[in-house]
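Please look through the sequence and the model shown below before reading on.

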Amino acid sequence: MNQIFTVEGMTCGHCEKAVTKALLALDAQAQVTIDRPHNTVQVHSEKPREALAQAIAQEGYRVAV
């Protein structure tokens, strides 16, 4: 299932790596695409949306509802 999140606070490549690492820790098979200029994270994963959003938020980024 493909899900798109609006994520605030990603400002650099390190931020992208942190978000990607958090999502892959939750689902090692996930496909993650980050578009930092548009503040979006696209995740192809079977995990629930809430769990994916929580993984991003635990890295210190705000996930817009």
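**A walk through the predicted model**

C15 is buried, with a relative accessible area of 6%, where buried means under 20% relative accessible area, exposed means over 50% and partly exposed lies in between, with a 1.4 Å probe and protein chains only. C12, by contrast, counts as partly exposed because its relative accessibility is 29%. The model is a predicted one, in which local features need pLDDT of at least 70 and side-chain atom pairs count only at pLDDT 80 or more, while totals for chains, interfaces and linings use all residues. Residues are numbered from 1 along each chain as its sequence is written, and side-chain values use heavy atoms, with hydrogens and water left out.

The structure holds zero disulfides, a disulfide being a pair of cysteine sulfur atoms within 2.5 Å.

Four strands, in the order β2-β3-β1-β4, make up an open sheet with antiparallel pairing; strands (E, at least two residues) and helices (H or I, at least four) are DSSP runs numbered from the N terminus, and two strands pair if DSSP finds at least two bridges between them. At the edges are β2 (31-35) and β4 (62-63), each of which pairs on one side only.

β2 and β3 (residues 40-44) are joined in the antiparallel sense over five bridges. Within this pairing, V32 has V43 in β3 as its bridge partner, and T33 stands opposite Q42 in β3. The two strands form a hairpin with four residues between them, and N39 in the turn has a positive phi of about 60°.

Helix α1 (residues 13-26) lies across β2 and β3 and runs at about 155° to β2, the axes being lines fitted to C-alpha atoms, for helices over the stretch in contact, and the angles running from 0 to 180 degrees between N-to-C directions. Helix α2 (residues 49-57) also packs on the sheet, where α2 touches β1 (2-8), β3 and β4, and its direction makes about 30° with that of β1; contact means heavy atoms within 4.5 Å.
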